[in-house]
Amino acid sequence: MVGGAATAMAASTPSDAQTKRTTMPPDPAAMPVTMPVTLKVNGKDRPLSLDPRTTLLDALREHLHLSGTKKGCDHGQCGACTVLVNGQRINSCLSLALQHDGDAITTIEGLGTPDKLHPMQAAFVRHDGYQCGYCTPGQICSAVAVLDEIRAGVPSHVQADLMARPQASNIEMRERMSGNICRCGAYSNIADAMADVAGAKA
Amino acid sequence: MKAFTYERAKDPVAAARAATRPGAKFLAGGTNLLDLMKIEVETPTHLIDVQDLKLDRIEKTEDGGLRIGALVTNTALSADERVRRDYGVLSRAIAAGASGQLRNKATTAGNLLQRTRCPYFYDTNMACNKRKPGSGCSAIGGYSRQLAVVGTSGQCIATNPSDMNVAMRVLDAVVETVNPQGQTRAIPIADFHRLPGDTPHIETVLQPGELITSVTLPRPLGGTHIYEKVRDRASYAFALISVAAVVQKDGSGRVAVGGVAHKPWRVEAADAQLPAGAKAVTARLLADARPTEHNAFKVPLVERTIAAVISQARTA
């Protein structure tokens, strides 16, 4: 464990520091200390020194300024914060950055670029899989992982036979994407985009 | 979120020892704990991250069952070929819970220790004997549609929210632990979760510092495995009620129910009624039910869901 209050302040944004000043108890022993952690984000090692309370989501957005990953509910209910950790999708809001020392994190910024879209990004554009776009980075990260999970044989609630290979069908996409909420209601186009990438008819 | 210190434990006994420190808590997946820490329902001062304890394997036991490491994720457990083939009710129960993202992170031990979703437990402005012992229960006389109908007390009517636990109960799983002195013990799932009584804040029989290392399943039971969950939307919602069942060709079997009590609910005398039908099973299972005006619907819902399960098993 390194540093003290000064390090914590230096590592925070001005608005963070403000909040901490007003909400932290005055006892210096209770002041936040930071801990070192290295995240491998989109292929690059990113060493950080963080207050233990920092979620993976806040580390990505506030400390690494990768604002593609969105904060919706901050309670694991909406899926806007979905990123891939060692290839698996998780809610980055319900994970401490310290839990991910050495982990490979892929955010929407790491999937593709405006010049070279990931096939799932291209399919979302083609099928109009969004309106306001706020949930879209989470939807796309989740959708990429869903197709991997289907390929890996992870069963779902709607699967009739647990011993059969899961299919990339419309009902499967809908069930497997239920952790990603879209208030604009682009669901049917999202399922179409996923079916397109999976090479199946929705 | 309140400030805390963080460490990664190197071995199970060291983790158990570290957890005897006042205010310390184990951190596995964190999907439930961090959520509750954000709203300051949980306020640990020290977190012991157990992810490096190598408790993430599923192995055969000597008597033909399975030993599931405490840190096996819900996804890995549900997807394991042996679980899908021999313990289908468990695979299905897990797939019926939460979302893909949460199942990738949530662990077997964490799911066993998942805390109630009673809205009054979550709302720190309300009285809750579970959150703050002795403060009262706002759920009693409050909005109780989701809450328990059986095994309740005058202090608490919360339910255990887990789907996995209902399947573990029907399979007679055993929870294996280690304590800070390095002693191990095996706790049958029937004894693991407690009824609320006068101490609803004490939810399991685990002692201070005691760490879950694995869960074992007995040898496969055969039969038809069914998990039927009834909820307000088709996916990603907690159960109003759920039924886990293993039914044999002759109509005998066992049944456990979720969403009705402070623990996964099973009454062995009710199992014996399976060949007689859903009415007889439910009469035994919920004989002592004390529903509220909001959740009285759960009693007939359990009966009808068991009837659907029995009919499914017949045609399987």
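I started at D172(B), which is partly exposed at a relative accessible area of 29%. For my notes: under 20% relative accessible area is buried, over 50% is exposed, and partly exposed is in between (1.4 Å probe, protein chains only). This is a predicted model, where local features need pLDDT of at least 70, side-chain atom pairs count only at pLDDT 80 or more, and totals for chains, interfaces and linings use all residues. Residues are numbered from 1 along each chain as its sequence is written, chains are lettered from A and ligands numbered from 1 in the order in which they are written, and side-chain values use heavy atoms, with hydrogens and water left out.

D172(B) is not a glycine, yet its phi is positive, near 55 degrees. I found D172(B) in the loop between helix 9 (164-170) and strand 6 (174-178) of chain B. Helices (H or I, at least four residues) and strands (E, at least two) are DSSP runs, numbered from the N terminus.

**N42(A)**

I then looked up N42(A), another non-glycine with a positive phi, about 50 degrees. N42(A) sits in the loop between strand 1 (35-41) and strand 2 (44-50) of chain A. N42(A) is partly exposed, with a relative accessible area of 28%.

**Confidence**

Chain B averages a pLDDT of 98, and 100% of its residues score at least 70. pLDDT is the predictor's confidence in each residue, from 0 to 100. I also noted ipTM 0.97 and pTM 0.93 for the model.

**Domains and sheet of chain B**

I have chain B split into domain 1 (5-51) and domain 2 (224-315), with bounds from an automatic or database domain assignment. Their C-alpha centres lie 35 Å apart.

Next I traced an open sheet of three parallel strands in chain B, in the order 1-3-2. Strand 1 (5-8) and strand 2 (24-27) of chain B are the edges, each pairing on one side only. Two strands pair if DSSP finds at least two bridges between them. Strand 2 of chain B has four bridges to strand 3 (residues 46-49) of chain B. Which residue of strand 3 of chain B is the bridge partner of F26(B)? I found I48(B).
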